[in-house]
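This briefing is meant for someone meeting the structure for the first time. It takes up helix packing, the ligand site and the backbone in turn.

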Amino acid sequence: MNNDRKKLALIGANGMLARMVRHLAPPYFDVTSFDLPDFDITDRDLVLSAMTHLRPHVIVNCAAYTDVDGCETNEELALRVNGSGPGYLAEAALETGAILVHISTDYVFAGDKTEPYTEDDPTGPLSSYGRSKLKGETAILASGLTRYFIIRTSWLYGPGGKNFVETILRLAGEREELRIVADQQGSPTYTEDLANAVFSLLETEDVQMPYGIYHFSNAGSCSWYEFALEIVRLARLNKLPVKAESIKPIRTEDYPLPAQRPSYSIFSKQKYETITGRSIPEWRESLIKYFAVRQTI
Ligand SMILES: NC(=O)c1ccc[n+]([C@@H]2O[C@H](COP(=O)([O-])OP(=O)(O)OC[C@H]3O[C@@H](n4cnc5c(N)ncnc54)[C@H](OP(=O)(O)O)[C@@H]3O)[C@@H](O)[C@H]2O)c1
């Protein structure tokens with residue numbers, strides 16, 4: 001993407017990832033924010049009229065119904081927000097000539113593989129959230145839009161959002177014992193790294209047809225239990241209040257939740273690395289960076 005001024009429509013602008021996308025947007029982007037209550041991606045006419053009015057060069061969709069367990073009892077709303085909404089944004093992108101960047105999830109997979117998921121692996125969502133996010137991907141693919149990036153990510157955390165790191169910090173400050181699921185493997189993703197990945201992909205515009213589906217998470221992998229151990233270790237190192245004396249590994253079945261989660265959520269990121277020429281930070285390094293800024297961005 002050349003350095004002329006570009007308009008970027010940031011959808012779901014009040015969310016955790018969007019906050020970082022706005023923070024890290026290169027200076028040649030003029031960012032316009034859209035979110036509830038004024039802007040609802042399930043309102044097709046509103047989406048089309050707002051985008052036709054702005055005529056953005058890029059639409060970055062961070063909006064989603066992200067309450068995974070809530071989606072189980074509200075599948076209809078999940079399908080509208082996570083499924084239909086991205087389709088309307090794709091229509092708007094087609095109409096205005098914009099590139100669409102859309103964020104999807106590891107939950108589109110069943111998690112029954114034993115080696116990293118590639119972009120071409122068959123999907124098989126286990127939950128209402130996963131089905132609704134897959135519907136969003138399918139709506140974009142079916143729209144006829146060719147200039148899109150669908151970026152699947154996992155275990156996202158960053159400043160200004162409800163996320164696993166903040167939950168563990170709160171619980172570790174309140175409880176003497178934590179019991180954390182140890183039989184789900186995945187890769188944490190720091191919003192700073194994902195936001196940078198969005199802009200790295202947008203910079204590949206000159207590569208012959210870079211568009212398509214990409215996997216992006218931090219390098220390396222762990223269980224939720226191992227992730228929690230590292231969070232508490234860093235909490236102690238950063239002199240945050242820690243009451244938790246013991247952190248115990250448990251099985252998924254010992255902590256029943258409404259939505260079924262994939263037990264294996266590790267991505268191959270080779271496609272992203274090849275197209276952008278960028279390497280991806282390891283999850284522990286990124287967690288350290290997050291601790292340094294979590295209250296300040
Ligand atoms: N968080 C994770 O662990 C994770 C993992 C994998 C993938 N992802 C994906 O990453 C993306 C960003 O996630 P995030 O954690 O940054 O999400 P988030 O903090 O929940 O932000 C989502 C934003 O979208 C807004 N929104 C909800 N419904 C909307 C609608 N109908 N119209 C317009 N805006 C609407 C929300 O507003 P309200 O707050 O008012 O509802 C919120 O501001 C999402 O696509 C998510 O599916 C997240």
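**Helix packing, ligand site and backbone**

Helix 4 and helix 5 are roughly parallel to each other, a description that applies to angles under 35 degrees, whereas those over 145 count as roughly antiparallel, 65 to 115 as roughly perpendicular and the rest as oblique. The model is predicted, and local features need pLDDT of at least 70, side-chain atom pairs count only at pLDDT 80 or more, and totals for chains, interfaces and linings use all residues. Residues are numbered from 1 along each chain as its sequence is written, and side-chain values use heavy atoms, with hydrogens and water left out.

**Helix packing**

- Helix 4 and helix 5 pack at an angle of about 20°, with their axes 7 Å apart; axes are lines fitted to C-alpha atoms, for helices over the stretch in contact, and angles run from 0 to 180 degrees between N-to-C directions.
- Helices here are DSSP runs of H or I with at least four residues, and strands are runs of E with at least two, numbered from the N terminus.
- Helix 6 (residues 164-174) and helix 8 (residues 224-237) pack at an angle of about 60°, their axes lying 10 Å apart, which makes helix 6 oblique to helix 8.

**Ligand site**

- The ligand is surrounded by 23 residues, the closest being Leu 17, Asp 35, Thr 66, Tyr 129 and Lys 133, where a residue counts as near if one of its heavy atoms lies within 4 Å.
- By class, this shell has 13 nonpolar, seven polar and three charged residues.
- Helix 1 (16-24), strand 4 (99-105) and helix 5 (128-142) each supply at least two residues of the shell, and strand 4 gives the most, with three.
- Oxygen atoms of the ligand lie 2.9 Å from a backbone N or O atom of Met 16 and 2.8 Å from a backbone N or O atom of Leu 17.
- In the side chain of Asp 35, an N or O atom is 2.7 Å from an oxygen atom of the ligand.
- Taken alone, the ligand exposes 900 Å², and the protein buries 78% of that, with accessible areas taken from the Shrake-Rupley method with a 1.4 Å probe.

**Backbone features**

- Most residues other than glycine have a negative phi, and most peptide bonds are trans.
- A cis peptide bond, with omega about 0°, joins Leu 36 and Pro 37, and Pro 37 is placed in the loop between strand 2 (29-34) and helix 2.
- Arg 55, although it is not a glycine, has a positive phi of about 50°, and its place is in the loop between helix 2 and strand 3 (58-61).

Notes:
Polar contact = N/O pair within 3.5 Å; in protein donor to acceptor, adjacent residues only side chain to side chain. Nonpolar A, V, L, I, M, F, W, Y, C, P; charged D, E, K, R; others polar.
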